[in-house]
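Q: Hello! I have a new structure open and would like to learn how to read it, one feature at a time. Could we go through it together?

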Amino acid sequence: MSVVKRIALNTGWLVISDFASKICLFLISILIARNLGEVELGRYSFAVTFSYFFTIIADMGLSGLLLRDVSKDRSITKKYFNNILSIKLMLSILSFLLLFILINLMGYPTKTKYIIYIIGLSSLLNSVAYIVRFLFEAYQDMKFEAILNIIEKVFLAVLC
């Protein structure tokens with residue numbers, strides 16, 4: 001396949017994925033706001049924001065490293081994938097333990113803590129799963145990345 005055709009196809013997949021994701025996220029935001037109410041929406045927003053800081057620790061730039069190096073040399077895919085997966089799993093466990101300790105030291109209500117535990121665990125597992133998505137990008141095959149993104153957002157919308 002020519003470079004121009006590959007770029008056009010990848011761009012098309014990304015545009016479709018981005019459009020579908022934005023629509024799903026818009027619907028999810030409306031559903032969450034309607035169903036939770038003011039207090040619970042504030043609690044949910046805090047949990048998402050608090051948990052997000054710990055996903056930064058779990059990644060430490062490893063996904064970008066995988067993308068950059070594997071896109072240059074595909075022969076290192078297995079080695080990088082295994083090593084980065086192992087490191088991210090350890091960092092995710094460490095991040096979750098840190099999240100758990102900090103939220104318990106801060107004196108928040110039990111309900112808020114449980115929400116943070118669930119969202120934090122989900123975010124950290126998602127961070128590990130993103131390794132596969134970065135491999136699709138490294139191999140310049142955005143069709144699978146786009147399909148995964150759309151499925152994820154539709155699944156979230158259905159759950160709400």
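Q: How should I treat the confidence values, and where is confidence lowest and highest?

A: Here is the general idea: where pLDDT is low, the predicted coordinates should not be read in detail. In this model the mean pLDDT of the protein chain is 85, and 98% of its residues reach 70 or more. Helix α5 (residues 142-159) has the lowest confidence, with a mean of 77, while helix α3 (residues 77-105) has the highest, at 91.

Q: What share of the residues count as buried?

A: A residue is called buried when its relative accessible area is under 20%, and exposed when that value is over 50%. In the protein chain, 32% of the 160 residues count as buried.

Q: Can we try that on single residues? Is threonine 77 buried or exposed?

A: Threonine 77 is buried, because its relative accessible area is 14%. You will find threonine 77 in helix α3. Setting aside its neighbours within four places in sequence, threonine 77 is in contact with Val70, Leu135 and Tyr139. Take tyrosine 139: it is 62 residues from threonine 77 in sequence, yet their C-alpha atoms are 9.8 Å apart in space.

Q: And valine 158, buried or exposed?

A: Valine 158 counts as exposed, because its relative accessibility is 67%. This valine lies in helix α5. Its C-alpha atom is separated by 8.6 Å from that of isoleucine 28, which is 130 residues away along the chain.

Q: Now a whole helix. Which residues of α2 are buried?

A: In α2, the buried residues are Leu62, Ser63, Leu66, Asp69 and Val70. Looking down the axis of α2, you see these buried residues fall within an arc of 145 degrees, so they line one face of the helix. They pack against α1, α3 and α4 (110-138).

Q: Last topic: pockets. How do I find one, and what volume does the largest pocket have?

A: The general idea is that rolling a probe the size of a water molecule over the atoms shows where empty space is left. In this model the largest pocket has a volume of about 1400 Å³.

Q: Which residues lie nearest the centre of the largest pocket, and which helices supply its lining?

A: The largest pocket has 36 lining residues, and nearest its centre lie Tyr44, Ser122, Ser123, Asn126 and Leu156. At least two residues of the lining come from each of α1, α4 and α5. The largest share, 16 residues, is supplied by α1. Sorted by class, the lining has 21 nonpolar, nine polar and six charged residues.

Terms used:
Residues numbered from 1 in each chain as written. Predicted model: local features only at pLDDT ≥ 70, side-chain atom pairs only at ≥ 80, totals over all residues. Heavy atoms only, no water. pLDDT = per-residue confidence, 0-100. Helix = DSSP H or I, 4+ residues; strand = E, 2+ residues; numbered from the N terminus. Buried < 20%, exposed > 50% of the residue type's maximum accessible area, 1.4 Å probe, protein only. Arc of directions from axis to C-beta. Contact = heavy atoms within 4.5 Å. 1 Å grid on protein atoms, 1.4 Å probe; cavity = no way out; pocket = protein on both sides within 12 Å on 5 of 7 lines; lining within 4 Å. Points joined across faces, edges and corners; volume = space filled by probe spheres on them. Nonpolar A, V, L, I, M, F, W, Y, C, P; charged D, E, K, R; others polar.
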